[in-house]
Amino acid sequence: MPQSLTATRIIRLNNLLRLLRDNEYITPDELMKSAKYSSRSPLENDLKLLRRTFHAKIFFSRKVHAYHLEDCGDFLLLLKPKAITEKQ
């Protein structure tokens with residue numbers, strides 16, 4: 001049984017997956033800066049959780065020294081809502 005997740009961690013995981021989805025390849029340093037990780041360890045722990053618990057297909061390319069997302073697995077990725085306009 002997976003550990004319980006706090007709302008803060010769910011938001012962090014969602015942001016991490018969104019960054020991976022929106023970039024074909026993204027370096028660890030870019031991920032840390034964009035997702036506001038304070039150190040490498042929490043980033044690695046979140047990637048491990050996404051891979052093991054949610055079966056996300058996240059790969060690290062040694063050739064380009066960057067992560068690549070093939071599939072977000074069983075994690076429900078929350079998309080930012082579209083802006084509502086008067087015409088809608």
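Which residue takes a positive phi in the hairpin of S1 and S2?

**Before selecting anything**

The model is predicted, and for that reason local features need pLDDT of at least 70 and side-chain atom pairs count only at pLDDT 80 or more, while totals for chains, interfaces and linings use all residues. Residues are numbered from 1 along each chain as its sequence is written, and side-chain values use heavy atoms, with hydrogens and water left out.

**The whole chain**

Of the 88 residues, 33% are buried, where buried means under 20% relative accessible area, exposed over 50%, and partly exposed in between (1.4 Å probe, protein chains only). Among contacts with a separation of 6 or more, 52% are between residues 24 or more positions apart, a contact being heavy atoms within 4.5 Å.

**Helices H1 and H3**

Select residues 7-22 (H1) and 40-52 (H3), which pack at an angle of about 85 degrees with their axes 11 Å apart. The axes are lines fitted to C-alpha atoms, for helices over the stretch in contact, and angles run from 0 to 180 degrees between N-to-C directions. H1 and H3 are therefore roughly perpendicular to each other, the class given to angles of 65 to 115 degrees, whereas angles under 35 count as roughly parallel, over 145 as roughly antiparallel and the rest as oblique. Show the side chains of Arg9, Arg12, Leu13, Leu16, Leu17 and Leu20 in H1, which meet Leu43, Asn45, Asp46, Leu47, Leu49 and Leu50 in H3. The residues of this contact divide into eight nonpolar, one polar and three charged.

Now centre on Asp46 in helix H3, which counts as buried at 0% relative accessibility. Its side chain is joined to that of Tyr37 by a polar contact of 2.7 Å; such a contact is a pair of N or O atoms within 3.5 Å, where within protein one must be able to donate a hydrogen and the other to accept it, and residues adjacent in sequence count only if both atoms are side-chain atoms. Not counting residues up to four places away in sequence, Asp46 touches Arg9, Arg12, Leu13, Leu16 and Tyr37.

**The hairpin**

Move to S1 (residues 57-61) and S2 (residues 66-71), which pair in the antiparallel sense over five bridges, given that two strands pair if DSSP finds at least two bridges between them. Ile58 stands opposite Leu69 in S2.

With four residues between the strands, the hairpin holds His65, whose phi is positive and near 55 degrees, although His65 is not a glycine. His65 is partly exposed, with a relative accessible area of 45%.

In S1, select Ser61, which is buried at a relative accessible area of 17%. The side chain of Ser61 reaches the backbone nitrogen of Lys63 at 3.4 Å, and Ser61 touches Tyr25 and Ala66, leaving aside residues up to four places away in sequence.

**Two loop residues**

Thr27 lies in the loop between H1 and helix H2 (28-34). Thr27 and His65 are 38 residues apart in sequence and 6.2 Å apart in space, C-alpha to C-alpha.

Finish at Lys36 in the loop between H2 and H3, another residue other than glycine with a positive phi, here near 60 degrees; Lys36 is exposed, with a relative accessible area of 74%.

Key. Ala, Val, Leu, Ile, Met, Phe, Trp, Tyr, Cys and Pro count as nonpolar, Asp, Glu, Lys and Arg as charged, and the others, Gly among them, as polar.
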